[in-house]
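This briefing is for a reader who is meeting the structure for the first time. Please keep the sequence and the model in view while reading.

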Amino acid sequence: MSNIEFKRIGITEYLDAALRKQNLPSDRQLCLRIGEPPATICGWRLGKSLPRKDATMIRLAELAGKDVEQALIDLGEWRAERANDAATASVYATMRKHLQQARQATAGAAMMMCVAVGFSAIPDSPVHASTNAVQPDMQGSSHINYTHKIYSK
């Protein structure tokens, strides 16, 4: 999911994504991969039921190439909505928000690390301890030789 945004999707989107990602022609083949009977997946598609086990939802998310933590939050939210349990649905919505914020913070930290490492790899950057000397080679042409200095106390 690009830019770490977790929009809420339904069970049919997970099923469709799994079919595409696994290059499967039908729900029948998908049910074999998930380990559920065809009638169960049909019930999910018709909105009559949801995965009963968290492990089943995790497997479906993996086959769909989706985030498993997000999939469990979706499943919990769907279950709470079916039970008309607004308080629990609200907790899952908060969990979704916290997961999104944590992923954004992690992505930001990773980006900063990449920038820092990138600058340290550039010769003559203030972070990089190197000297560049142009030295002639045996044929009389010049090339840049990067020599790294190691400073110790």
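The model is a predicted one. The protein has 153 residues, and 26% of them are buried. It contains 6 helices and 2 strands, and from the N terminus the order of these elements is α-α-α-α-α-α-β-β. Among contacts in the protein with a separation of 6 or more, 47% are between residues 24 or more positions apart.

**Helix α2**

- Helix α2 covers residues 27-34, and its buried residues are L30, C31 and I34.
- An α-helix has 3.6 residues a turn, so residues three or four places apart point the same way.
- R28 and L32 are exposed, and they are on the other side of α2.
- G35 follows α2 and has a positive phi, near 90°.

**Helix α4**

- T56, M57, L60, A61, L63 and A64 are the buried residues of α4.
- Their arc around the axis is only 165°, which means that they are on the same side of α4.
- The cover over the buried residues of α4 includes α1, α2, α3 and α5.
- The residue after α4 is G65, with a positive phi, near 75°.

**α1 against α4**

- The axes of α1 and α4 are 7 Å apart, and the two helices pack at an angle of about 50°.
- α1 and α4 are therefore oblique to each other.
- The crossing in which α1 passes α4 is left-handed.
- On the α1 side the contact involves I11, Y14, L15, A17, A18, K21 and Q22, and on the α4 side M57, L60, A61, L63 and A64.
- Of the residues in the contact of α1 with α4, 10 are nonpolar, 1 is polar and 1 is charged.
- M57, L60, A61, L63 and A64, which meet α1, are also among the buried residues of α4.

**α2 against α4**

- α2 and α4 cross at roughly 120°, and their axes come within 10 Å.
- This angle makes α2 oblique to α4.
- α2 and α4 form a right-handed crossing.
- L30, R33 and I34 of α2 make this contact with T56, R59, L60 and L63 of α4.
- By type, the residues of the contact of α2 with α4 are 4 nonpolar, 1 polar and 2 charged.
- L30 and I34 take part in the contact, and both are buried in α2.
- L60 and L63 of α4 meet α2, and L60 and L63 also meet α1.

**α4 against α5**

- Helix α5 (residues 68-82) packs with α4 at an angle of about 130°, and the axes are 9 Å apart.
- The angle makes α4 oblique to α5.
- The crossing of these two helices, α4 and α5, is right-handed.
- The α4 residues in this contact are D54, M57, I58, A61 and E62, and they meet V68, A71, L72, L75, W78 and R79 in α5.
- The contact of α4 with α5 has 8 nonpolar residues, no polar ones and 3 charged ones.
- M57 and A61 of α4 meet α5, and M57 and A61 also take part in the contact with α1.

**D54 in α4**

- D54 is a residue of helix α4.
- Is D54 buried or partly exposed? D54 counts as partly exposed, because its relative accessibility is 39%.
- Apart from neighbours within four places in sequence, the residues in contact with D54 are L72, L75 and R79.
- L72, L75 and R79 are among the α5 residues that α4 meets.
- D54 and L72 are 18 residues apart in sequence, and their C-alpha atoms are 6.7 Å apart in space.

Terms used: Residues are numbered from 1 along each chain as its sequence is written. This is a predicted model: local features need pLDDT of at least 70, side-chain atom pairs count only at pLDDT 80 or more; totals for chains, interfaces and linings use all residues. Side-chain values use heavy atoms; hydrogens and water are left out. Buried means under 20% relative accessible area, exposed over 50%, partly exposed in between (1.4 Å probe, protein chains only). Helices (H or I, at least four residues) and strands (E, at least two) are DSSP runs, numbered from the N terminus. Axes are lines fitted to C-alpha atoms, for helices over the stretch in contact, and angles run from 0 to 180 degrees between N-to-C directions. Angles under 35 degrees count as roughly parallel, over 145 as roughly antiparallel, 65 to 115 as roughly perpendicular and the rest as oblique. A crossing is left-handed if the near helix is turned anticlockwise from the far one by less than a right angle, and right-handed if clockwise. Contact means heavy atoms within 4.5 Å. Ala, Val, Leu, Ile, Met, Phe, Trp, Tyr, Cys and Pro count as nonpolar, Asp, Glu, Lys and Arg as charged, and the others, Gly among them, as polar. The arc is that of the directions from the helix axis to the C-beta atoms.
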